[in-house]
Amino acid sequence: MTALESIQRSTEFLTKKGVESPRLQVELALAHLLKIPRMRLYLDFERQLQPSEVAALREMMRRRGQREPLQYILGSMSFCGLELALSPDVFIPRPETELLAEKGWEFLNASLAQGASSQTDRTPLALDVGTGSGCLAIALAFHCPQAEVFAADLSAAALELASRNAARHGTDSRIRFLHGDGFAALPEPMRFDLIVSNPPYIPSAEIAALPPEVRDHEPRQALDGGADGLDYYRRWASESASFLRADGRLMVELGAGQAGRVTEIFQAQKWIVEWVERDYNQHPRILVAHPG
Ligand SMILES: C[S@@+](CC[C@H](N)C(=O)[O-])C[C@H]1O[C@@H](n2cnc3c(N)ncnc32)[C@H](O)[C@@H]1O
């Protein structure tokens with residue numbers, strides 16, 4: 001069978017299964033299998049696939065047809081240009097979260113520069129609450145090589161994967177992975193320059209209506225934000241101020257339509273909401289605040 005024939009057949013199969021962007025999904029899977037960039041497929045449509053390649057693609061398509069996310073099937077993805085291993089133990093990082101990482105490392109590097117100019121050099125300290133694959137913690141450590149990062153999660157399996165991802169990018173000596181519930185995971189009272197968090201923020205009753213890729217495959221613990229989806233914001237608003245240095249910042253990712261209510265939650269706890277950054281689709285996505 002040629003590459004083109006297998007792409008066409010698999011696309012038909014995924015279409016019947018209701019998968020979005022079926023042709024793109026097939027091309028990404030086949031390119032991964034053949035270890036070539038996706039665009040190379042277009043130059044090589046007549047390539048004859050080996051029986052083992054046909055069988056491997058079929059198995060990938062069987063899983064994708066059951067609505068397993070492609071990222072779990074491929075076992076990795078890129079976040080801020082860093083390749084991260086993924087498994088169903090961890091939430092799949094979303095493109096919006098790259099914006100949170102970017103704002104985070106910009107802040108850390110700016111405070112470092114400020115410290116240097118006022119001759120009060122000190123190691124920037126960051127905390128990522130609910131680290132999952134480790135994407136935020138690793139991106140912060142990678143892009144601010146002077147920073148030390150703490151990364152906490154309730155899921156031991158996620159932490160294991162996250163620490164392997166950290167090692168892959170040479171950041172493991174500067175990231176401490178901690179198992180536990182929110183700030184209780186910290187071994188001692190500490191103060192950070194930056195706390196980042198992309199907490200679970202889906203209202204519990206809305207989970208059943210999510211696409212099967214999310215509902216049936218991503219960890220529920222990574223999705224469920226309680227009755228109105230805002231439980232974690234209430235917790236972080238009341239708990240995190242005592243873990244920030246005087247000029248520290250909290251940066252949290254927001255779900256669609258949550259910016260107004262989350263701002264109110266923080267203001268009610270005497271936080272100054274500095275700004276809300278919009279994502280590439282112009283949705284208010286990252287709330288930046290400091291204790292008042
Ligand atoms: C939406 S995922 C975000 C993962 C990753 N930071 C990202 O942006 O892709 C939320 C993460 O918070 C973790 N989590 C949920 N409740 C928690 C808690 N009480 N304390 C620490 N982590 C928690 C989940 O296990 C999950 O890894």
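**Exercise 1. The hairpin**

Find which two strands form a hairpin with 5 residues between them, and which residue in the turn has a positive phi.

*Solution.* The model is predicted.
- Step 1. Strand 8 and strand 9 make the hairpin, and 5 residues separate them.
- Step 2. In the turn, Gln282 has a positive phi of about 70°.
- Step 3. Strand 8 covers residues 271-278 and strand 9 covers residues 284-291. They pair in the antiparallel sense, over 7 bridges.

**Exercise 2. Leu186**

Locate Leu186. Then decide: is Leu186 buried or exposed?

*Solution.* 
- Step 1. Leu186 sits in a loop, between strand 5 (175-179) and strand 6 (192-197).
- Step 2. The cut-off for buried is under 20% relative accessible area. Leu186 has 11% relative accessibility, so it counts as buried.
- Step 3. Set aside neighbours within four places in sequence. Leu186 is then in contact with Leu127, Phe150, Leu178, Phe192 and Phe243.
- Step 4. Now take Met77. Leu186 and Met77 are 109 residues apart in sequence, and their C-alpha atoms are 29 Å apart in space.

**Exercise 3. Arg64**

Which helix holds Arg64? Does its accessibility make Arg64 buried or exposed?

*Solution.* 
- Step 1. Arg64 belongs to helix 4, residues 51-65.
- Step 2. Its relative accessibility is 5%, so Arg64 counts as buried.
- Step 3. Again leave out neighbours within four places in sequence. The contacts of Arg64 are Leu14, Val19, Gln25, Pro69, Leu70, Ile73 and Glu213.

**Exercise 4. The whole chain**

Why does the radius of gyration of the protein chain agree with a compact globule?

*Solution.* 
- Step 1. For 292 residues, a compact globule would have a radius of gyration near 19 Å. The protein chain has 21 Å, which agrees.
- Step 2. The C-alpha trace spans about 65 × 45 × 35 Å along its principal axes.
- Step 3. Of the 292 residues, 53% count as buried.
- Step 4. Consider contacts between residues at least 6 apart in sequence. Of these, 64% join residues at least 24 apart.
- Step 5. Count the secondary structure: the protein chain has 11 helices and 9 strands.

**Exercise 5. Surface and charge**

What share of the accessible surface belongs to carbon and sulfur atoms? How many Å apart are the mean positions of the positive and negative charges?

*Solution.* 
- Step 1. The accessible surface of the protein chain is about 13,700 Å². Carbon and sulfur atoms account for 51% of that surface.
- Step 2. The protein chain carries 31 positive and 38 negative charges. Their mean positions lie 4 Å apart.

Methods
Residues numbered from 1 in each chain as written. Predicted model: local features only at pLDDT ≥ 70, side-chain atom pairs only at ≥ 80, totals over all residues. Heavy atoms only, no water. Helix = DSSP H or I, 4+ residues; strand = E, 2+ residues; numbered from the N terminus. Rg over C-alpha atoms; globule rule 2.2 N^0.38 Å. Buried < 20%, exposed > 50% of the residue type's maximum accessible area, 1.4 Å probe, protein only. Contact = heavy atoms within 4.5 Å. Areas by Shrake-Rupley, 256 points an atom, 1.4 Å probe, with all protein chains shown as cover. Lys, Arg positive; Asp, Glu negative; His and termini not counted. Charge placed at Lys NZ, Arg CZ, Asp CG, Glu CD. Pairing = 2+ DSSP bridges.
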